Amino acid sequence: MIVQHILCVLAAVFGTTVSLLRLPESSAEVYTFSSTVSLNELDAAPQTKDLGYKVTGRVHLARLWTNQKDSLDNVYHIRISELKLFLKTTKNGVIEYKEQDDGFRKLKNEPFFVVWKNFRIEKIYLNDEEQTSMRNLKKAIASLFQFRDTHAHIEEMDVCGLCSVTYEVIDKFAIIKRKNNCISHLPVTEHPEKILGAERDIKRKVFYQLDESSKILKVFSSENLNLSLSIRKNVGVSVAAFLELNFNGTETESIHPISSDTADQAVEEVTKKMKMKFSPDALYITEESYKNIEKSLTQIVKSHRDNLKEINLGTYTSAASFLEVLKVVLLSSEEDIIKALKNKKNEPILNQLMDIFGSAQTLAAHKAVLKTFNFVKPKNIDPLERYLWALSLGKKPKAEFVEDLKNILKQKPQNEKLKETIILSLTAIARKLSPEVAADVFSFVKDDLSKCAKEDEFCIASHLRAFKNLKHPKAKSIFLQYAQNGSRLLSVTAMKALYSFPPSEWDSEVMKAAEKIYYQRDRIYDSSARAIAIDIIVDSKPNFETLKHLMKSLQSNTSYETRKYLLQRLQQAASLNETFNEYFRELMISENLNNYGFLAQRGLSSALSKTIYNDHYLNASLFTINEVSKSVLKRSHVSVSLEQNDEKMKVCGLDLFTGGLSSFLWSDEVAGEEDLEEPEDLIAGVELTIQGVSIRPFIFFNGHAQLMGHLWAGTASERTPLQQAIGLLHEHNENLILGTGNIIKFDLRGSSSAELAGKIDFSLWNRNAHINLDSKIGLVIDGSISIDGFFIQNKIYFDVHSEQKTEATANLDFSDEVLFCLKISQMKTEAKANINKIQKNLDTNYSIHRTKRKKLTLPGRTFALNQKNNEMCNQIFKTST
């Protein structure tokens, strides 16, 4: 006790950890060990059979060398013997481990040496000819001898990587070591959006039991890992791993302590006598190399050609085939991809192949596309746009993509639609790269914008949309300039771009401009620009005074549709935010606004937020805005957002816009409306935003000539695809290291196959119109987790797939009074999940294969928008019957 007290005093004075640990000096200490690994699906029932195996053996530990000047500088000789392998089985609910044939006899198993200094293992010497699995097992066992018997919080490198380690001394006989936040050298690919990524919950703990002389009696390392989807935390796999050492006595070892000047010299002296080559290595694990025998790109495309045809877009089979082909494309050469692009048999699926090559985001795929197609003088822009859309939506772009797209733009592409898609893709890609790349692209696009003629609104608008994709801070001044001084088209485009920034980036200049535009302080602004200004003010979480002025404006003589829109947005915001709701209710009373004149605003504009899916893990919301002007729908916005805890992500958005259609109406209601806006050009189209990336607008018609051409030809009355694509939705690839020396390979990918289509029936004779938009989406999430060790393979595959269909229909009747009915419906959806468990012994060809299936049904629904919409729908359909 006196010695212990002196050592503790020394540690306190000099700040040095002093250990009472005693490791063998001459004879070898023998330990039995067992390494156990098992894996199962998450939330598995107690009777569910999992996969697993166990390796047992004996560990012989002896001191080889000690630094005479430093007792904490040692080399240890460690030998493993009597290795046995057991596979986990379950019979009648009882877990058993069945011993396998002695495959270890084929593996080289030599002693190894550990350099242990100041409670850390600095290096480990292993035989060069040993299999990787054997080397990793030895690193795992060596890591157990890296510990200290004092309280500490430090960083340590062991078999799991660089870990944050906490030592907790329970008493002089027991120590607990906890490892957190282990960082390995193995590559990781994560989705930038947490909601679409994967989650891991890892708990690592090592228990040490010592005797009175500080000799190790027992070591028990336990690890529990849960790997799951962020959006569905009950879909995934759980892994349990245990490594245990138990003292089993001492024995005489043929290796005796030697005298050398350094640890390296001591190891060199012994290995020369053994006539074997040993090399120094770090404790962290080495990844096993496997020969993956995959189908060639030609073979995989051929086997999935039918599923990739256009007729199957919007189905899960299309999305599943996308993932299978993508896996091969990621490993394919430039030459193989060029062959696939030039294959005549692939012409019917060329657009879908371009989706895949763009999603792969490899230099080989990119170079192959650029060599095969002419972007400056294209024959057909459809496959080129599909490639660029996929490229812009990718999560791991390369700087080479930016330079290539800039070079194409410098050559002045002849197709204006393709040119806009290129510049939109350029800015979307640059935003995901370094700030330096984004700044360079900003200057490039700004210089290109200066070349647009002042009267060329479409050229300027395309560059504003490009800046919107880039979201560079310097772009806000450009948006503010065009929002306040541009034509109605450019003002609306600039306001949409400003609204796309997060509210935290709306500075005082943005807020001043929004108020200026809404209140029309200097000129008359387009009603859509004013509506977006309302969106910015309301979503900025205004203070009490700002909200007070906003609510008072509802009593002004401004357009009644704008007043209706403002009231709808205020009520919507109040329903979503408690502070906003308190301000809103207080002002209703203090300003005497709680009356019919205020609450019963005339007009058809509406704003709605609805929860379309909600469970313990995720909330999905549908957000719709309908801005009506002169009794005609002018702008309709529909978006779907995912929310999880504090994370929020807008998955997609659709903006339908029109202009000039009120010229077809001759109702007294329109004629009597006070509206100082200039006449609009006749136009209609749709804009798509997918995961924050804006796509080139699709114009249905621009001018009376195009509209009348569609009407007389009847082209608009047939269902016409507006957007078709297959894309990568989820991507997470990670290798996690277990303290048993195994690597968990976690591979997760998800894809969506989508088709958005629409049709319009318009009758000047009957003075009515019917618009139908429908979207079909096939979703697939494909995941696998495998643990390989020695000649054992354990793997769990899981896939979740579903098909969803949403319809939006709008009916307009202007035969008498103007009636407008909007209906949004979601069809019945079934989500199915398959879980496959596979275990193989490659040495004996023994295998186990188990399959489990699940199904979830979501009923169809039609969303209630507002009472005014319900009344007009009832009136329209009553009249039609």
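Predicted model: local features only at pLDDT ≥ 70, side-chain atom pairs only at ≥ 80, totals over all residues.
Trainee: What makes Cys 163 and Cys 182 a disulfide?

Mentor: The definition asks for a pair of cysteine sulfur atoms within 2.5 Å, and the S to S distance between Cys 163 and Cys 182 is 2.0 Å, so the pair qualifies. The link connects distant parts of the chain, with Cys 163 in strand β8 (residues 161-171) and Cys 182 in strand β9 (residues 174-183), 19 residues apart.

Trainee: Why is the disulfide of Cys 163 and Cys 182 called right-handed?

Mentor: The torsion about its S-S bond is about 115°, and the disulfide is therefore right-handed. The link of Cys 452 and Cys 459, with -55° about the S-S bond, is left-handed.

Trainee: Why is Cys 163 called buried, and why is Cys 182 called partly exposed?

Mentor: Buried means under 20% relative accessible area, and partly exposed lies between that value and 50%. Cys 163, at 2% relative accessibility, therefore counts as buried, whereas Cys 182, at 22%, counts as partly exposed.

Trainee: How do you know that Cys 160 is in no disulfide?

Mentor: The nearest cysteine sulfur to that of Cys 160 belongs to Cys 182 and is 5.1 Å away, whereas a disulfide requires sulfur atoms within 2.5 Å, so Cys 160 is left without a disulfide.

Trainee: What makes Cys 821 and Cys 873 a tie between separate parts of the sequence?

Mentor: Their sulfur atoms are 1.9 Å apart and form a disulfide. Cys 821 lies in strand β26 (residues 819-826) and Cys 873 in helix α24 (residues 867-880), so the pair ties together parts that are 52 residues apart in sequence.

How values were computed
Residues numbered from 1 in each chain as written. Heavy atoms only, no water. Helix = DSSP H or I, 4+ residues; strand = E, 2+ residues; numbered from the N terminus. Buried < 20%, exposed > 50% of the residue type's maximum accessible area, 1.4 Å probe, protein only.
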